[in-house]
Structures are given as structure tokens and as C-alpha cells.
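Colleague: I would like to check the terms against the values before I use this model. Please start with the elements.

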Amino acid sequence: MPEGRKFLRGVYGLWLILVGLGSGQVCVGWHGGRSQSGQAILTGSTWFEYRYFVRDSARQAYGLPQYDHLLQGAHGYAEVSGWWRQWHFRVRPEFYLNSNLIVPTEAYNEVGIPHWFLQYMWMDSSGTWELALSAGHHYLQFGEGLLFRTWNEPLLGIDNALVGLALRARVGNVQTVMFGGRIRHRFTTYPAFVKGLWLETTPLQGGVTLRTGGIFWSRTFPMDAMNTWVQQINTYPDSLQFIPRYNMYVGGGYLQVASSVFSLDIEGGMHTHDIQYTPNRQYLHNPQGWSGQCRLSVFAGRWTGTVGLRYIQAFDLRAQPEAVGTEGFLNYLPAFTRLLSYPLSAWYLPVATGYRELAFQADMYWMVSDVVNIEGHAARIYGNQTDTPTYQTVLVLGEWEMHDRWHLVLLFQYLFYDLKAYLGKVSVPLRGWVPLVQLTWRPPIRVASYSLWHKWTVQLLWTQQDMGSWLYGQWELGLSPVVSVFVSDAWNFQPVKSRALHYVSGGVSLEVLTGWKFQVGWYQQREGFQCAGGICRYEPAFHGLRLTVLGSM
């Protein structure tokens, strides 16, 4: 079709532009965040993904603009970073053409340069003090991010950069950061203004390391946005009306202690009255909120044990109440459980909502010998204003490796998952058993300087709820690190409602130049979570072609 060829020509042309902008060469080595005197560093990276959508009502791959009439979508970026003396810059052109990356149920179109960064640093020759002033798009994190974090995760379309100014100063082991600006929203910014200050210090170093810090920041809404919310609140019943506040303040701190036998991480804080939507997103309200988390790890020879606790109450901090999904985050709330990359284990994950959560987890690692280790994990979460568990899991994982030729992974997991709390499905909670066997074999065969490997994965999800029981199998063959191919099948062999279906996928990955990787495959994927950087997002089913290009220079 002429429209299809025009779309592909546009994608190809944009990608060539981005690759050209992203091409760079490493001129000299990296030294403490600055280039050598009188010399420069230029680096670049690029990521491009093209998707062709095939409507498949049997596998629930329908109902999106891409399936109904657009058929194709693409997105990508190229980032260039440079250092020269005390200067550092970064620029990143991006494009989205019928893309469902940022919001999986939409088709988003935009092209431009939404990201830039410029910094100048002063420091003395002895390294006692340094001062850095920067402008543009900032990625900032205090502690583990529970109280404040702005970050970028391209695989999920997340970019909540602070667009403004930041000043960082360090004297000895004391550091302070001051910042102010607005939060990026796609190719523009949210109207609210965010400003703050934090202080960190490391008073003890050596056998025992002690690090602590405190933060105070605020978010201020503009008058026009406030007027809109006031009009909305005036339509509520008297019992639900409230007086909204322009400013919301957040304060808190963290403490980290580490030694050769234990480590302790504590972080927590609270915020004043905030304008948020209720969990059902029916009404605005103005709760106060607080959060806290603690992790304790103990190291004893070949044993390591960790226990953790997190409590959240109305701590879904956003640049704007209407921001949903992964947009507008002002803090970092990863799922408080172990995230497994195996397919069937990743379908049901307890995404933190920020409304209310009480979560516990415990981990154990035992290095039995040089070739065998055993891991255990247990988690229980009370979420979404409920007094009964919404998520529970217990798993045991064992690994065995022999002579760098064989690698065996055995997994057994029990899963309890509240489908209504996390997915909004009117259903009884899911209870399932998830065993897995994965075997990798590297035969003593070499092609030139490359090694051959095989990998077989078999996983079962046995449950009588949601979509029923599944059997997953995958075979991979690779010539490391140049090329690999895979074929997989997820078989819904005991469905609850529909007929038994196979979800077959296959693809190839090729690295033709150093730092460049091409991946192409045909995928049939059921709905489920996609995770990156600890954050998970629920995505609809996908059926079609996917082409990905990754490059770094």
C-alpha cells in the first residue's frame, strides 16, 4: 500500500538522522567524570524499534488503533554525550510514529529533541571540594528513590526528567544538591513547579561505613490548574469536598550502615496534604501520606540472609493528579518482591500503587559449593486498602554449573495473586504452582573465536483461575557473541473459558559490528507485565513483527 511504503520511508529516514546524530567516537579515557585536560570525549547510543501489528481476536490482540487500521508503529532515539575540560553536555533526539510505547493503548506521534543537558564543574586539584551547575533535563535520586527520583527507562517509555536547574556542591564527604524546575511530559512539561534541597554525608568509612541524608522538597500547582480542580470539587457531595492547597511539601531521610557481616538500609518520610485521585479514580481527595522501608542483610560465610519491610500510605507522588500509569512519577516505588525474568513468573506481579501497601519479604542465598547454590524468597503484600493479603509467593531456586559446559536452573514457586486488586478483574484470587527447568550446554565446539551454546527452558503454570494453566517451552541456539536464534511456545493447555491456544514466537539476534545489535522476530504474546529497572507495567496482548536495533559508539 502507498501509505505503508510512505510510513516505512519516514521511519527509515528518521532512523538515519538519529544514527547520524548518535554516532560518536571515544577519543580518550574517562577520568573521574571529566575528560583529560585539553582533550574531549564524545560518545553516542541509539535505539530503534519497529512493530507490525496483526489483528488476532482469538489471542486478544485487537481493539487498539494499531490493530484496527494503523498496522505499523515505530519509535527510537539517539543520544550524544560529550565531555571537554569542565564541560559536559547531552542531547537526545526522539521520534514516535503510531507508537504505543508510552501508553500501550494509544497511538502517539511526535518528532523532535525533547532532551538536552549542559553542566559546568569547578573543583580543586586535590579533590577536596567540587561545585557543579547544570541546566536542562536532570535525572536525580535521593537515597533509594522512595522520597524523590526522576529517571529514564526507555524500554517502558518512562522519562520523568526534571527540566530546570540544579546545583551540586561537595566538601569532603558532605554533599548537597539544590534543584528546581518542571517534570517532563512527553515533548513538553507538566505545569507544576518542583524545587528542593537534600544533604548527604558519609561520617564513617572503613570497617563500618555509615551514610545518611535528609531531603526537603515541594511541588507548586499553577492557578489555572487549581481553578479547574476547584470547579470539579464543587460538584462533589458536601462530605467529599475539601479546600485544595497549591503547595505540597515532602520531607524525610535515610540511613545506610554496611560492614563485612551485615548491612542495614532505612528510608522514610511524609508529605503534607496532596491533591490525588481516590484508588477508583472517581473523586479527588487531599490525603496526607507517609512511607518507610527497611532492609537488613546478614553475611555469614557461604550464607546470606535478607529481610525487608515497606509501608506506603497515600504516597503516589505525581507531577499532576491526572498522570496515570508510568507517567509523572516523582518517586520510585518498585514491586516489593523478587522479579523473575522467566515468562510465566512475570505474568502476575504486585505493582505498587502508592495508595496503601504493607509488604514483607525475605531472601536466602546459600553457596553450597563452587558449582552449586540455592536461593529462597518469600513475600507477602497487603495492598489497595485491604486487610487481607493481595500477593504471596514462596520460591526456591537452585543452580548447578559444571566445567563451564553445563548450567542447570531448577525453580519451584507458589503464587497467590489478587486479580481484582492489581488488574481490576472481577475474579477470585489466582493460586498457582510454577515449576521451571532450564539447561544450558556449551559444547567444546568453536567457530573461529566464537563459542557455541544451546539453551532449553521448560516452565509450567498450574492454576484454575484467570486464563487457566500454561506450559512454556523455549529453545535457543547461539554463536556467542555474534548470533543467536530462538523458538518458543506458550500453550494454554487448560483454559478456563476459551479454547486451548498456542502462542508461538521466534526470532534472531545478530551483532555485526562492535556495539551494534539487530533483533528481529515474530511474536505472539498474551497480556501481562513488562518490567525494566524494577518498574512493571501491564501491557495488552501483541501479535506481529518486531524489529529492534541497538547501537553504542
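Modeller: Helices (H or I, at least four residues) and strands (E, at least two) are DSSP runs, numbered from the N terminus. The model is predicted: local features need pLDDT of at least 70 and side-chain atom pairs 80 or more, while totals for chains, interfaces and linings use all residues. Residues are numbered from 1 along each chain as its sequence is written, and side-chain values use heavy atoms, without hydrogens and water.

Colleague: Which strands each supply at least two residues of the nonpolar patch?

Modeller: Strand 3 (87-99) and strand 4 (108-123) do. The patch consists of Leu-42, Trp-84, Trp-87, Phe-89, Trp-116 and Leu-118, with about 570 Å² of accessible area together (Shrake-Rupley method, 1.4 Å probe).

Colleague: Why is Trp-87 called partly exposed?

Modeller: Trp-87, in strand 3, has a relative accessible area of 40%. Buried means under 20% and exposed over 50%, with partly exposed in between, so Trp-87 is partly exposed.

Colleague: What makes a space a cavity or a pocket?

Modeller: On a 1 Å grid over the protein atoms alone, a 1.4 Å probe fits in a cavity but cannot get out, whereas a pocket is an open set with protein on both sides within 12 Å along at least five of seven lines. Lining residues have an atom within 4 Å of a point. The whole structure has six cavities of 30 Å³ or more.

Colleague: What is the volume of the largest cavity, and which strand gives the most to its lining?

Modeller: The volume is about 240 Å³, meaning the space filled by probe spheres set on the grid points, which are joined across faces, edges and corners. Strand 3 gives the most to the lining, with three residues. The lining has 21 residues, with Tyr-96, Gly-157, Ile-158, Asp-159 and Arg-184 nearest the centre.

Colleague: How many residues line the second largest pocket, and how do they divide by class?

Modeller: This pocket, of about 1,100 Å³, is lined by 41 residues: 23 nonpolar, ten polar and eight charged. Ala, Val, Leu, Ile, Met, Phe, Trp, Tyr, Cys and Pro count as nonpolar, Asp, Glu, Lys and Arg as charged, and the others as polar. Gly-325, one of the residues nearest the centre, therefore counts as polar.

Definitions and conventions: Patch = residues over 30% accessible without salt bridge, like charges linked within 9 Å, V, L, I, M, F, W, Y side chains within 5 Å. Salt bridge = Lys/Arg side-chain N within 4 Å of Asp/Glu carboxyl O. Buried < 20%, exposed > 50% of the residue type's maximum accessible area, 1.4 Å probe, protein only.
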